[in-house]
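Take a look at the structure below. The walk goes from the whole chain down to single residues.

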Amino acid sequence: MTPAEGVIGRLAELGLTVGTAESLTGGRLVATLVDVPGASAVVRGGVVAYATELKRSVLGVDAELLESQGPVHPEVARQMAVGACRILGADVGISTTGIAGPTSPDGQPIGTVHIGIAGAAGIRIFSLRLTGDREQIRSESVRRALEAVRQVI
């Protein structure tokens, strides 16, 4: 069983829906979820807010936070996950934000990743330092996000 199959199966067992708010992963997380047969029963959708302004205007991330800390921050991941729940009408929101390289626009280390999981049980943030090239960091971020949601639900 793949990690995505495990997440979809567990959400279905619990009668929960899921939505994503992605930056770093650019829609790859929701695409991985909907690759699973039967995903339509639990996946509400996904928002790709790659531009910082969309994190504020679409997902409701605090403008002052984005200005002072930038888009790659644990609190940004938290607010993105909450925004996914709100705008997609999902029980569980998963967010990804980070720096995959090859350069870092704000000086944070390449491989800095924050994953947010929001739901009725609360909000959890997973902050990671991943290694590898851009593709490896993005792929590993999806895998770790799926692992994180399994831990939370």
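Predicted model: local features only at pLDDT ≥ 70, side-chain atom pairs only at ≥ 80, totals over all residues.

The chain holds six helices and five strands. Along the sequence they follow the pattern α-β-α-β-α-α-α-β-β-β-α. The radius of gyration is 14 Å, close to the 15 Å that the globule rule gives for 153 residues, so the chain is as compact as a globular protein of that length. The C-alpha atoms fill a box of roughly 40 × 30 × 20 Å along the principal axes.

Next come the totals for the chain. Of its 153 residues, 46% count as buried. The accessible surface comes to about 7000 Å². Carbon and sulfur atoms account for 51% of that surface. Take the contacts between residues at least 6 apart in sequence: 62% of them join residues at least 24 apart. On the charge side, there are 14 positive and 15 negative side chains. The centres of these two sets lie 2 Å apart.

Now go to strand β1, residues 18–22. How many of its five residues are buried? Five of the five are, so β1 is largely enclosed by the rest of the structure. In a regular strand, side chains alternate between the two faces of the sheet. In β1, Val18, Thr20 and Glu22 point one way. Gly19 and Ala21 point the other way. Residues on both sides are buried, Glu22 among them.

Which strand does β1 pair with? Its partner is β2, residues 43–48. The two run parallel and are joined by five bridges. Within this pairing, Gly19 stands opposite Gly45 of β2.

Is Thr20 buried or exposed? Its relative accessibility is 1%, and buried means under 20%, so Thr20 counts as buried. Leave aside neighbours within four places in sequence, and Thr20 is in contact with Leu29, Val30, Leu33, Gly45, Gly46, Val47, Ala84, Leu88 and Ile94.

Move on to strand β4, residues 112–119. Seven of its eight residues are buried, so β4 is largely enclosed by the rest of the structure. Strand β3, residues 92–98, runs antiparallel to β4, and six bridges join the two. Here Gly93 has Ala118 of β4 as its bridge partner. β4 also pairs with β5, residues 122–129. That pairing is antiparallel too, over eight bridges. Ile117 stands opposite Arg124 of β5. A hairpin of two residues links β4 to β5.

Finish with Arg78, in helix α5, residues 74–88. How does Arg78 count by accessibility? At 28% relative accessibility, Arg78 counts as partly exposed. Not counting residues up to four places away in sequence, Arg78 touches Ile123 and Ile125. Both numbers fall within the span of β5, residues 122–129. How far is Arg78 from Arg150? The two are 72 residues apart in sequence. In space, they are 17 Å apart, C-alpha to C-alpha.

How values were computed. Residues numbered from 1 in each chain as written. Heavy atoms only, no water. Helix = DSSP H or I, 4+ residues; strand = E, 2+ residues; numbered from the N terminus. Rg over C-alpha atoms; globule rule 2.2 N^0.38 Å. Buried < 20%, exposed > 50% of the residue type's maximum accessible area, 1.4 Å probe, protein only. Contact = heavy atoms within 4.5 Å. Areas by Shrake-Rupley, 256 points an atom, 1.4 Å probe, with all protein chains shown as cover. Lys, Arg positive; Asp, Glu negative; His and termini not counted. Charge placed at Lys NZ, Arg CZ, Asp CG, Glu CD. Pairing = 2+ DSSP bridges.
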